[in-house]
Amino acid sequence: MKFILASLIFSLSALAHNNNNLQIYHISRPDAKTMDLVADDFEVVKKLSNGFEVYVPTSKVEQFLKLVPNAELQLESNMKAVNFEGYRTYESVSAELIALQNQYPQIIKLETYGTTKSNHKLYALKISDNVTVDEDEPEIMITSATHGDEIITVEVEMELILTLLSNYNKDPRFTKMINDHELYFIPMVNPQGYSRRDRYALNTDPNRDYPYPGVEGKQSVDCIDSIRKFFHSHDFKGSIDLHASGKLVMFPWGYTKSSPPAADEANFQYLTKSMAEINKYEVGQISKIIYVAKGSSADYYYWKNKTLALGIELSTSKSPPFRSVPNVVEESKEMIWRFIEHF
């Protein structure tokens, strides 16, 4: 009981500390032009059944309401209590990754590709049969906690890792995945935000902080700058950035409603439909299935390297009750395995 109470107190204090300058609004049935204007200046964080959820700084409420005067104010984010009991933390994930490297040294290599200004290490876990060798095999990157408050993504990613490792040389399917690929898992893209259960990195939305066509010279916040450099040190054929929530499998472009070249779009469509065949997630282009989102990882990786880069919105909550986590993990696994096997 004391632990649960402490967890709730932490949740309230963390949310109050990090988000007390934000308000949450719901927009019902907006037209496309209005949503384009909203997405240019505000953070659209969730697609709803009849509209969208938007984060609005208190200093910009008047500007926002001029665009959508009928928007409905929800509970301010610092009023929402979330029970984080059972969920991993930055410290426990870090310790778990180190322990896994010691347990599976033949197929795991744990790398530190940087350190944030908040002194959080940036970890990448490589899984492959000849893990110390750069082989001529498809490189794939799977990331989570780009938005630090989307903590279900870390649980899913860590369970994916554990499933792969525990089945190596036991199950032919997982053995082949590891033998035929170089798999890179980055469970905490934004460790500062993840530690604080906060969406942002240094008060910046990290998944709006990548350059994109027409904005080539954009400077990124520390954790995004580091993962960009990590990306360019490899030749990733595919990438998935896990987010929450919405049950969506999405592909570029996000920054524009223009479609990618026909051959690329067909490949994206084929891949995402196959991935969602079992769990029935909705699939489509980012800007068309949700809204125009400028500065996303998927756009950047596809633009720079023709990587088959996806964004996946897991579950129906950023942090569902912990008892629900196994169900979210289970509904997520097959689509990730199919993604890996595509290459």
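**Figure 1. An aromatic cluster in the predicted model.** In this predicted model, one aromatic cluster is formed by Tyr113, Tyr184, Tyr210, Phe230, Phe231, Phe236, Tyr300, Tyr301 and Trp303. Trp303 also has a charged neighbour, for Lys304 lies over the face of its ring, 4.1 Å from the ring centre. A charge is likewise placed over a ring at Tyr194, where the charged end of Arg197 sits 4.8 Å from the ring centre.

**Figure 2. Helix H8 and the elements around it.** Helix H8 comprises residues 222-232. The helix is mostly covered, with eight of its 11 residues buried. These buried residues are Asp222, Cys223, Ile224, Ser226, Ile227, Arg228, Phe230 and Phe231. Two of them, Phe230 and Phe231, belong to the aromatic cluster of the previous figure. The buried residues of H8 pack against strands E5 (108-115), E6, E7, E8 and E9 (236-244), and also against helix H11 (297-305).

**Figure 3. Strand E8 and its two partner strands.** Strand E8 covers residues 182-186, and five of its five residues are buried. Glu182, Tyr184 and Ile186 point one way from the strand, whereas Leu183 and Phe185 point the other way. Strand E6 (residues 121-127) pairs with E8 in the antiparallel sense over three bridges. Within this pairing, Ile127 has Leu183 as its bridge partner in E8. Strand E7 (residues 139-143), by contrast, runs parallel to E8 and is joined to it by five bridges. Here the bridge partner of Thr143 in E8 is Ile186.

**Figure 4. Two separate nonpolar cores.** In soluble globular proteins, nonpolar side chains tend to be buried together. In this model the largest nonpolar core has 58 residues, and those with the most contacts inside it are Ile127, Ile312 and Ile336. Leaving aside residues up to four places away in sequence, Ile312 touches Ile240, Asp241, Leu242, His243, Leu248, Val249, Met275, Tyr281, Met335 and Ile336. A second, separate core has 41 residues, among them Phe52, Val56, Tyr113 and Ile289.

**Figure 5. The edge-to-face pair of Phe42 and Phe64.** The model contains 22 aromatic pairs. In one of these, the ring centres of Phe42 and Phe64 are 5.2 Å apart and the planes meet at 75 degrees. Edge-to-face pairs are those with planes over 60 degrees apart, so the angle of 75 degrees places Phe42 and Phe64 in this class. The pair links distant parts of the chain, 22 residues apart: Phe42 is in the loop between helix H2 (32-41) and strand E2 (43-48), and Phe64 is in helix H3 (residues 61-67). Phe42 has a relative accessible area of 5% and is buried. Phe64 is buried as well, at 0% relative accessibility.

**Figure 6. The tilted pair of Tyr212 and Tyr255.** Tyr212 and Tyr255 form a tilted aromatic pair, with 5.6 Å from centre to centre and 40 degrees between the planes. This pair, too, links distant parts of the chain, its members being 43 residues apart. Tyr212 is in the loop between helices H7 (191-196) and H8 (222-232), while Tyr255 is in the loop between strand E10 (248-251) and helix H9 (262-275). The cut-off for a buried residue is under 20% relative accessible area. Tyr212 therefore counts as buried at 14%, whereas Tyr255, at 21%, is partly exposed.

Technical notes: Residues are numbered from 1 along each chain as its sequence is written. This is a predicted model: local features need pLDDT of at least 70, side-chain atom pairs count only at pLDDT 80 or more; totals for chains, interfaces and linings use all residues. Side-chain values use heavy atoms; hydrogens and water are left out. A nonpolar core is a set of buried Ala, Val, Leu, Ile, Met, Phe, Trp, Tyr and Cys residues joined through side-chain atoms within 4.5 Å. Buried means under 20% relative accessible area, exposed over 50%, partly exposed in between (1.4 Å probe, protein chains only). Contact means heavy atoms within 4.5 Å. Rings of Phe, Tyr and Trp (its six-membered ring) pair if their centres lie within 6.5 Å; planes under 30 degrees apart count as stacked, over 60 as edge-to-face and the rest as tilted. Helices (H or I, at least four residues) and strands (E, at least two) are DSSP runs, numbered from the N terminus. A charge sits over a ring if NZ of Lys or CZ of Arg is within 6 Å of the ring centre and within 35 degrees of the ring normal. Two strands pair if DSSP finds at least two bridges between them.
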